[in-house]
Amino acid sequence: MRELVAALTNRPLEKALYLGIFLAIAIAMTTPYYYLAIVPALLIIFLAISYKYPSYGYYAIIFLIPFGAYRSVSETSSLRIHWVLALILTLYMLFKTFYQRHMPPEVKSRIWPSVALLFVVDLISAMFSPYPATAFHDVGLFAAGGMFILISMYFIDKDALFKYLPAVVVYSVSLSSLFGVVGYLFNVSFFAENIEAGQFKRSLGGSTDPNNYVLMIAFALPLLVTMFDKAKRPTLKAFYLGLVVINVMGVIFSFSRGGAIITTLILFIMFFKYIKKMNVQLMFVQLFAVALAVVLIIGVLPKSYTEHFKNIINPQADTSIGRRATYLTVGIDSFFKHPILGTGLGTFRDIYSESDYARKFEKEGWTNRRYAHNTYLEYLVGTGIIGFLLFAAILWLTLRNYIAARRNFQINGDTESASYAEIYLFSFVILMIYLFIYSDPFHKYLLFSIGASQAAYRLSLPGKK
């Protein structure tokens, strides 16, 4: 008996973990969802890998970002794979902090007061919101977003920031784009929407929304072009150029007009940025390759693509233009009614669904709960002027972190890191521009950029690595 008591009391946390996993397996086996019994076993594997290589779990979360349509554990479960990974990394971080008995220096930042105040404003707005269910749902998303920023700060080191994460972002987004192109060309419903005859078909990739799909491509393109520029071998340059073509085709087949304009702007800026650095001997080869890529892209343009763009100036032919104009009208009107604290983050959908405009633009089979297609308007409506200014402060601090990091790396003579800090800055600016036409206050690339900016600034200081 003494031996049994000693065995149970020795390392009790480990025993409690084993017992919890055993009970979870046993309970799952007695339910209709018996196939979920494998999840605890996978959790053990993830825990073991995360303990030995914790950064791999973080890389997995970043890799999964473009695949929002396929991150659920099962079709019937609301549990998401990246939530499980984030929980594991959070537990790892907490146990290590408890063991070391001090706050990790990686997570200290000037950005936290603004984040904490914005959370308080969002919580107060939700408490007095006429739409509490929606508002408190977004309060939970805010808390999860803050934890993701914390995880990013903790797990990003210099190798991760300038070596592994650019590749993870580029390869995951490019794979999603490849799926999107295949889905559009071959009518694969997993990666495209409205593939039935006569429908307005659009590429989705691994996302659930074509605009979000293009946002992620736009965010990754500067990193991809930088990898193309830094590649030494011609075969590797050809591979990266092929990825550029696939991503541009993904943008085209998404039929996102705003995304197409932003993507074209990115490519022009990146082309003129790097043309001065081209090897003279290979310049004509590279220019020919780019010209060939442009011809191929133009060759695959759907006939309806140019018509879709022409409809921008013809609201009668495309009601979505007129409908989106009403989002601004409804949003500004709501702001003036609740200017200080707003009505709760995410509640624009409920406000718009009750407007006359929603009934005017009502479509059969579509909900009237529409997003504002503008993240800044979502904050203005949801958290009022106080929350909006705090959100702007977070974006400004993120920009300052990247700018200061680039300057510090240059002063230290680390031109390679300085160039990557500049590209992260460019991707973040592109993201901020895109948020004028897309609603997602907690987009994971936004949260990633906030955390990565602090990591870049910390790593740029003397003696950090």
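**Notes on the predicted model**

1. Seven salt bridges turn up when the whole structure is searched.

2. D350 and R369 form a salt bridge in which the closest N and O atoms are 3.1 Å apart. D350 belongs to helix α15 (residues 348-353) and R369 to the loop between α16 and α17, so this pair ties together parts that are 19 residues apart in sequence. D350 is buried, at a relative accessible area of 11%, below the 20% cut-off for that class. R369 is partly exposed, at 33%.

3. K337 pairs with D333, with 3.4 Å between the closest N and O atoms. Both residues are in helix α14 (residues 319-337); they are four residues apart and therefore separated by about one helical turn. K337 is exposed, with 57% relative accessibility, whereas D333 is partly exposed at 41%.

4. R359 and D356 also meet through their side chains in a salt bridge, at 2.5 Å from N to O. They sit three residues apart in helix α16, so about one helical turn separates them. R359 is partly exposed, with a relative accessible area of 47%, and D356 is exposed, at 58%.

5. Which residues make the nonpolar surface patch of about 570 Å²? They are V120, L123, I124, M127, F128 and F136. Helix α6 (residues 112-127) gives the most to this patch, with four residues. M127 lies in helix α6 and counts as exposed because its relative accessibility is 53%, the cut-off being 50%.

6. Helix α8 (residues 158-185) and helix α18 (residues 415-434) have axes that come within 11 Å and cross at roughly 65°. The crossing of α8 and α18 is left-handed. On the α8 side the contacts are made by K158, L161, F162, L165 and P166, which meet S417, Y420, A421 and Y424 of α18.

7. Two backbone entries deserve a look. N187 is not a glycine, yet has a positive phi of about 55°. N187 is located in the loop between α8 and β1 (192-193), and is partly exposed, with a relative accessible area of 39%. H373, likewise not a glycine, has a positive phi of about 55°. H373 is found in the loop between α16 (356-360) and α17 (375-411). The loop between α16 and α17 also holds R369, the partner of D350 in point 2.

Technical notes. Residues are numbered from 1 along each chain as its sequence is written. This is a predicted model: local features need pLDDT of at least 70, side-chain atom pairs count only at pLDDT 80 or more; totals for chains, interfaces and linings use all residues. Side-chain values use heavy atoms; hydrogens and water are left out. Patches are made of residues with over 30% relative accessible area and no salt bridge: like charges are joined within 9 Å, nonpolar side chains (Val, Leu, Ile, Met, Phe, Trp, Tyr) within 5 Å. Accessible areas come from the Shrake-Rupley method with a 1.4 Å probe; for residues, only the protein chains shown count as cover. A salt bridge is a side-chain nitrogen of Lys or Arg within 4 Å of a carboxyl oxygen of Asp or Glu. Buried means under 20% relative accessible area, exposed over 50%, partly exposed in between (1.4 Å probe, protein chains only). Axes are lines fitted to C-alpha atoms, for helices over the stretch in contact, and angles run from 0 to 180 degrees between N-to-C directions. A crossing is left-handed if the near helix is turned anticlockwise from the far one by less than a right angle, and right-handed if clockwise. Contact means heavy atoms within 4.5 Å.
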